[in-house]
Amino acid sequence: MLRQAPPLEAIEIFVAAAGGASFRSVARELALSPSAVSRRIAALEAFLGTRLFDRNGQSQRLSAAGVRYLTAVEPALDAIRRATGQVSADAVGRLTIATSHSLAAAWLAPRLPEVQDLLGIEVEILPSRDPDVLRSGEAQLAIWGGMAAQPGLTAERLFDAVAIPAACSRRVEGRLWSTAELASQPLLTVQSPSRLWERWFAGEGEAGQSQLRQRVFPTLQLMYEAACAGGGWCWRCP
């Protein structure tokens with residue numbers, strides 16, 4: 001019987017090469033030699049009977065046929081990865097949840113025993129905000145704040161967060177602050193979700209605040225510690 005589909009490894013290398021700067025850089029990422037990557041791409045092209053890349057010296061770019069093939073096989077490869085991850089998780093009775101480091105530490109981790117008892121399976125936390133952990137099957141579920149629905153993934157909004165400005169007592173000075181006054185203060189925020197203060201001021205009718213003095217932190221915990229030390233105003237959910 002004639003083979004009707006190329007080896008999956010060749011398709012995986014093709015998809016990686018389509019998104020890489022060069023076959024050499026893709027080879028480093030895949031722990032292969034550049035010649036091994038080139039041979040597998042050439043074998044795939046021979047199987048398909050068409051060139052997938054237009055080559056020019058050490059560089060290459062997708063041909064028209066390569067673009068069409070990538071559009072067709074990349075979603076299928078993602079589906080295979082997700083299915084594999086799901087079956088693997090089901091086989092060992094384990095669920096991996098991806099979430100931010102701050103949400104994991106402050107909200108999810110304390111609830112893990114209750115969740116595990118309720119589901120009857122082992123639950124692991126993966127601190128990540130990268131949608132590719134779902135596409136690859138590394139995680140089966142994610143809880144993220146402030147992220148739009150990602151292509152190829154199913155999303156459900158859990159709730160809308162309400163944030164208010166907060167600061168240590170010596171910075172608040174025991175009085176009420178107007179939004180205009182806050183705009184001139186040092187403001188603390190996080191890398192992701194982005195533009196939180198801009199969105200908050202816009203919600204208060206103070207759009208166009210482009211000269212805000214902001215310090216950006218990688219996690220909520222670090223932002224809160226800086227606020228407690230008097231470093232500026234942060235935002236919190238009441």
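Student: Where is the place of Gly-20?
Tutor: Gly-20 is in the loop between α1 and α2 (23-30); helices are DSSP runs of H or I with at least four residues, numbered from the N terminus. This is a predicted model, with local features needing pLDDT of at least 70 and side-chain atom pairs counting only at pLDDT 80 or more, while totals for chains, interfaces and linings use all residues. Residues are numbered from 1 along each chain as its sequence is written, and side-chain values use heavy atoms, without hydrogens and water.

Student: What does Gly-20 count as at 26% relative accessibility?
Tutor: Partly exposed, the class between buried (under 20% relative accessible area) and exposed (over 50%), with a 1.4 Å probe and protein chains only.

Student: Which residues does Gly-20 touch, not counting those up to four places away in sequence?
Tutor: Ser-25 and Val-26, where contact means heavy atoms within 4.5 Å.

Student: Switching to helices. At what angle do α1 and α3 cross?
Tutor: The axes of α1 (residues 8-18) and α3 (residues 34-48) cross at roughly 110° and come within 9 Å. Axes are lines fitted to C-alpha atoms, for helices over the stretch in contact, and angles run from 0 to 180 degrees between N-to-C directions.

Student: Which residues in α1 meet α3?
Tutor: Glu-9, Ala-10, Ile-13, Phe-14 and Ala-17 in α1, which meet Val-37, Arg-40, Ile-41 and Leu-44 in α3.

Student: And the whole chain, how many residues, and what share is buried?
Tutor: The chain has 238 residues, and 34% of them are buried.

Student: What box do the C-alpha atoms fill?
Tutor: Roughly 80 × 50 × 30 Å, taken along the principal axes.

Key
Helix = DSSP H or I, 4+ residues; strand = E, 2+ residues; numbered from the N terminus.
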